[in-house]
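Here's a quick briefing to read alongside the model.

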Amino acid sequence: MLVKPLLHEALCNGCGLCLTVCECGALVLVRNVIKIIEVESCGYCTECELVCPTGAIECPFEIVIEDSIEITIEE
Amino acid sequence: MAIEIDLLKSVPYFLGLSTAELEAIKQHVFEQSAQRNDMILLEEEASQAVYFVVSGVVKVFKTSVEGKEQILCIVKAGESFNDIAVFDGGPNPASVIAMTPVVLYGITKTDMETILRKHPNLATNVIKILSKKVRHFVSLVEDLSFRHVTDRLAKLLLEYATDHGRISEGEGQRPRLTQQEMAAMVGTAREVVGRSLKALEEEGAIRMDRHRIVVVNKKLLQEMSGVTGG
């Protein structure tokens, strides 16, 4: 399953800054709260996280060594 | 939920204690759960207890008056936090927040004093644990004082790829770090972390694979971070 940015809806103030920087159209405001509608097109650029003034969007990274990814594919 | 002896046995504090001793200690242990981003302890508040992470991951951090965050350490299953406040009687030295859903065991300051009186051999374990923590903080001071940001980030990536980046670990046991959290760990701004990650990718040390930072040249990261071997 494709990992998407984490949204904390309670923190969203509906300012829409994230929409202005999202180049892939993955985000939308629904009743003044941000939602991710197109997960497949989200490239995880983290720009939305960067501009969010309230910390409502987080883009956490897994840190892995290359070998362990190969193990995942084999499994 | 009942406190499990097997889980207590896996905590370094209680290494070498007999099942009978653990059964006695168990009476003093309480359990606490938290969700991601739940605040567990607040800096400078009166200390209540020492905590052991049973599952999940928490971060221990300080916040400046300007709101800048410095992460002191990430605590994972089997490890403890807030030890110092329990032993020196001072307030919580740092704040603690859950990075994943967590289950914690805790022992209050008063109960820990009782336990240490009844089981003095536990003190040796405590000394070892506190010494390890001092060593960690000495290393952190060295990094913040003497290393460049990209080198500090290289060291962080190396530590996390080695310590946490194994697929065999459960998802909840593998902390995922935002660029803000990485910045707070290496003592810089979030924007600098973004630039440093790009620099490391251009040098061929890592590959950004969407939500993954893949270490592709461990040796190069080791050279940058001054870590030998592995």
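Thr114(B) sits in helix 4 (residues 109-118) of chain B, where helices are DSSP runs of H or I with at least four residues, strands are E runs of at least two, and both are numbered from the N terminus. This is a predicted model, where local features need pLDDT of at least 70, side-chain atom pairs count only at pLDDT 80 or more, and totals for chains, interfaces and linings use all residues. For bookkeeping, residues are numbered from 1 along each chain as its sequence is written, chains are lettered from A and ligands numbered from 1 in the order in which they are written, and side-chain values use heavy atoms, with hydrogens and water left out.

- Thr114(B) counts as buried because its relative accessibility is 19%; buried means under 20% relative accessible area, exposed over 50%, and partly exposed in between (1.4 Å probe, protein chains only).
- The Thr114(B) side chain reaches the backbone oxygen of Thr110(B) at 3.0 Å.
- Ser95(B), found in strand 7 (residues 95-98) of chain B, is buried too, with a relative accessible area of 5%.
- From Ser95(B), the side chain gets to the backbone nitrogen of Glu43(B) at 2.9 Å.
- Leaving aside neighbours within four places in sequence, Ser95(B) has contacts (heavy atoms within 4.5 Å) that include Met39(B), Leu41(B), Lys59(B) and Phe61(B).

**Helix 8 of chain B**

- The 13 residues of helix 8 (residues 190-202) should span 18 Å at 1.5 Å a residue, and the end C-alpha atoms are 19 Å apart, which agrees; the expected span is 1.5 Å times one less than the number of residues.
- Its buried residues are Arg190(B), Val193(B), Gly194(B), Ser196(B), Leu197(B) and Leu200(B).
- They cover an arc of only 170° around the axis, so they lie on the same side of helix 8; the arc is that of the directions from the helix axis to the C-beta atoms.
- Over on the other side of helix 8, Arg195(B), Lys198(B) and Glu202(B) are exposed.
- Gly204(B) follows helix 8 and has a positive phi, near 85°.

**Where chain A meets chain B**

- The contact takes 25 residues from chain A and 27 residues from chain B.
- About 2700 Å² is buried between the two chains, with carbon and sulfur atoms giving 54% of that; buried area is the accessible area (1.4 Å probe) that two parts lose on being put together, summed over both.
- In chain A, Phe61(A), Glu62(A) and Ile63(A) lose the most area to chain B, together 33% of what that side buries.
- Four salt bridges are counted between chain A and chain B, each a side-chain nitrogen of Lys or Arg within 4 Å of a carboxyl oxygen of Asp or Glu.
- Glu62(A) and Arg212(B) meet in a salt bridge through their side chains (3.1 Å, N to O).

**Chain A on its own**

- Chain A has three helices and five strands, in the order β-α-β-β-α-β-β-α along the sequence.
- Of its 75 residues, 43% count as buried.

**Gln48(B) in its loop**

- Gln48(B) lies in the loop between strand 2 (39-41) and strand 3 (49-55) of chain B.
- Not counting residues up to four places away in sequence, Gln48(B) touches Asn92(B), Thr108(B) and Lys109(B).
- Gln48(B) and Gln70(B) are 22 residues apart in sequence and 23 Å apart in space, C-alpha to C-alpha.

Conventions
Polar contact = N/O pair within 3.5 Å; in protein donor to acceptor, adjacent residues only side chain to side chain.
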